[in-house]
Amino acid sequence: MPSSLVLLSILDYFYLNDNGLHGNNVSSWFPEKLAEVDLSDNLFSGPFSWEHRGLAKLEDLYIRNNFFSGTVPTDLAILARVQKLDISVNFFTGTVPVFL
């Protein structure tokens, strides 16, 4: 995926689900104003960067059924606006915070 996606600042919704896409460090592609991201059912791998600024305004994040790994941080304050979060069927470790 081209890193220039971050320049698409007028996007509100970003759907790339079910495309067989692969790569890592995907959250660095997110423009800052996104309300909804769906990367489900792809082949993305590696740690998911929870601290990326593109996550700050998200309301819905779907990254299920990929190969993401690493820990789910106990402090997901960056996702304060998230109403729907699906991180299932990945290789995350740790405990999902109670407030989610």
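**View 1. Strands β5 and β7 in the predicted model.**
In this predicted model, strand β5, residues 60–62, runs parallel to β7 and is joined to it by three bridges. Asp60 has Lys84 of β7 as its bridge partner.

**View 2. The open sheet that contains β5 and β7.**
Four strands make up the sheet, in the order β1-β3-β5-β7, and their pairing is parallel. The edge positions are taken by β1 (13–15) and β7 (84–86); each has a single partner strand, so one side of each has no neighbour in the sheet. From one strand to the next, the twist averages 5°.

**View 3. The largest nonpolar core.**
This core has 21 residues. The residues with the most contacts inside it are Phe30, Val37, Leu39, Phe48, Trp50, Ile63 and Phe92. In soluble globular proteins, nonpolar side chains tend to be buried together.

**View 4. The surroundings of Ile63.**
Leaving aside residues up to four places away in sequence, Ile63 touches Leu39, Ser40, Phe48, Trp50, Phe68, Asp86, Ile87, Asn90 and Phe92. Ile63 is also among the residues with the most contacts inside the largest nonpolar core, as are Leu39, Phe48, Trp50 and Phe92.

**View 5. The aromatic pair of Phe44 and Phe68.**
Five aromatic pairs occur in the structure. In the pair formed by Phe44 and Phe68, the centre-to-centre distance is 6.3 Å and the angle between the planes is 15°, and the pair is stacked. Phe44 belongs to strand β4 (residues 43–47) and Phe68 to strand β6 (residues 67–71), so the pair ties together parts that are 24 residues apart in sequence. Both Phe44 and Phe68 are buried; the relative accessible area of Phe68 is 0%.

**View 6. The aromatic pair of Phe48 and Phe68.**
The ring centres of Phe48 and Phe68 are 5.2 Å apart; their planes stand at 80°, so the pair is edge-to-face. Distant parts of the chain are linked by this pair: Phe48 is in the loop between β4 and β5, and Phe68 is in strand β6, 20 residues apart. Phe48 has a relative accessibility of 6%, which is under the 20% limit, and therefore counts as buried.

**View 7. The cluster of phenylalanine rings.**
Phe44, Phe48, Phe68 and Phe92 are linked into a cluster by ring pairs. One of these pairs is the stacked one of Phe44 and Phe68, and another is the edge-to-face one of Phe48 and Phe68.

Conventions:
Residues numbered from 1 in each chain as written. Predicted model: local features only at pLDDT ≥ 70, side-chain atom pairs only at ≥ 80, totals over all residues. Heavy atoms only, no water. Pairing = 2+ DSSP bridges. Helix = DSSP H or I, 4+ residues; strand = E, 2+ residues; numbered from the N terminus. Axes fitted to C-alpha atoms, helices over the stretch in contact; angles between N-to-C directions. Core = buried A, V, L, I, M, F, W, Y, C linked by side-chain atoms within 4.5 Å. Buried < 20%, exposed > 50% of the residue type's maximum accessible area, 1.4 Å probe, protein only. Contact = heavy atoms within 4.5 Å. Phe/Tyr/Trp six-rings, centres within 6.5 Å; stacked < 30°, edge-to-face > 60°.
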